[in-house]
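My notes follow in the order I took them.

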Amino acid sequence: MIRSYKQILHIVKDPNNTSTTIIDARPSARFTGAGPEPRAGLSSGHMPRAKNVPFMELFDQQTGELYSDAQLLAAFTRAGVNVDELKKSESASKEVVLSCGSGVSACVVYFALERLGLKHLAIFDGSWTEYASRPESIIVKD
């Protein structure tokens, strides 16, 4: 599934939204706001309540293969994402939305979660580039 900017903005502006988990696949420094974005003039930071699972932490850089299920689970756990709990509560009304800089790297996180058994996954195809370029967006820096 694909999520639009309008849908994402609705999710992040609702402080009571517990039905959607947003996972950002960008490197930690860009997520926290400590490092710059590669696109000139674009703020770093993240969406409210988003979790950060950098896509580079999910696969072997030498072979390009995803890590084992145990290693993947550990990466999501470190980020505060409880995959087992998401699987238990998965329904049409609960989903995980994946984002990154431009919508491409988020697909690595999508594949990792799909391999771990999650089914209600979506990509925010505009990702951070679209989100941070819009004045109505809420940007959090840690």
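**Entry 1**

I started with glutamate 136, which is partly exposed, with a relative accessible area of 32%. This is a predicted model, so I kept in mind that side-chain atom pairs count only at pLDDT 80 or more. Glutamate 136 has a salt-bridge partner, arginine 134, with N to O at 3.5 Å. I looked up arginine 134 as well: its relative accessible area is 32%, and I noted it as partly exposed.

**Entry 1: the other salt bridges**

How many salt bridges are there by this rule? I got a count of 7. I then turned to arginine 26, which forms one with glutamate 37. Their closest N and O atoms are 2.4 Å apart. Arginine 26 sits in the loop between β2 and α2 (28–32), and glutamate 37 in the loop between α2 and β3 (51–52), so this pair ties together parts 11 residues apart in sequence.

Are these two buried or exposed? Arginine 26 is buried, with a relative accessible area of 2%. Glutamate 37 counts as buried too, at 8% relative accessibility.

Glutamate 37 has another salt bridge, to arginine 30, at 2.9 Å from N to O. I checked that pair for burial: arginine 30 and glutamate 37 are both buried. Which residues make up the network of salt bridges here? I listed Asp24, Arg26, Arg30 and Glu37.

**Entry 2: helix α1**

Next I went to α1, residues 5–13. Its buried residues are Tyr5, Ile8, Leu9, Ile11 and Val12. They span an arc of only 160° around the axis, which puts them on the same side of α1. I recalled the general rule: an α-helix has 3.6 residues a turn, so residues three or four places apart point the same way. On the other side of α1, I found Lys6 and His10 exposed.

What do the buried residues of α1 pack against? I noted β1 (2–3), β2, β4, β5 and α6.

**Entry 3: helix α5**

After α5 comes glycine 117, and its phi is positive, near 105°.

**Entry 4: α3 against α5**

I looked at how α3 and α5 meet. Their axes come within 10 Å and cross at roughly 120°. The crossing is left-handed. Which residues make the contact? From α3 I noted Asp69, Leu72 and Phe76. From α5 I noted Val109, Ala112, Leu113 and Arg115. By type, the residues of this contact of α3 with α5 are 5 nonpolar, no polar and 2 charged.

**Entry 5: phenylalanine 55**

Where is phenylalanine 55? I found it in the loop between β3 and α3. Phenylalanine 55 counts as buried, at 18% relative accessibility; the cut-off for buried is under 20%. Leaving out residues up to four places away in sequence, phenylalanine 55 touches Ala25, Ser105, Val108 and Val109.

Last, I checked backbone angles. Most residues other than glycine have a negative phi. Arginine 49 is not a glycine, yet its phi is positive, about 65°. I placed arginine 49 in the loop between α2 and β3. Arginine 49 is partly exposed, with a relative accessible area of 40%.

Serine 127 also has a positive phi, about 45°, and is not a glycine. Serine 127 lies in helix α6, residues 127–133. Is serine 127 buried or exposed? I noted serine 127 as buried, with a relative accessible area of 0%.

Terms used: Residues are numbered from 1 along each chain as its sequence is written. This is a predicted model: local features need pLDDT of at least 70, side-chain atom pairs count only at pLDDT 80 or more; totals for chains, interfaces and linings use all residues. Side-chain values use heavy atoms; hydrogens and water are left out. Helices (H or I, at least four residues) and strands (E, at least two) are DSSP runs, numbered from the N terminus. A salt bridge is a side-chain nitrogen of Lys or Arg within 4 Å of a carboxyl oxygen of Asp or Glu. Buried means under 20% relative accessible area, exposed over 50%, partly exposed in between (1.4 Å probe, protein chains only). Axes are lines fitted to C-alpha atoms, for helices over the stretch in contact, and angles run from 0 to 180 degrees between N-to-C directions. A crossing is left-handed if the near helix is turned anticlockwise from the far one by less than a right angle, and right-handed if clockwise. Contact means heavy atoms within 4.5 Å. Ala, Val, Leu, Ile, Met, Phe, Trp, Tyr, Cys and Pro count as nonpolar, Asp, Glu, Lys and Arg as charged, and the others, Gly among them, as polar. The arc is that of the directions from the helix axis to the C-beta atoms.
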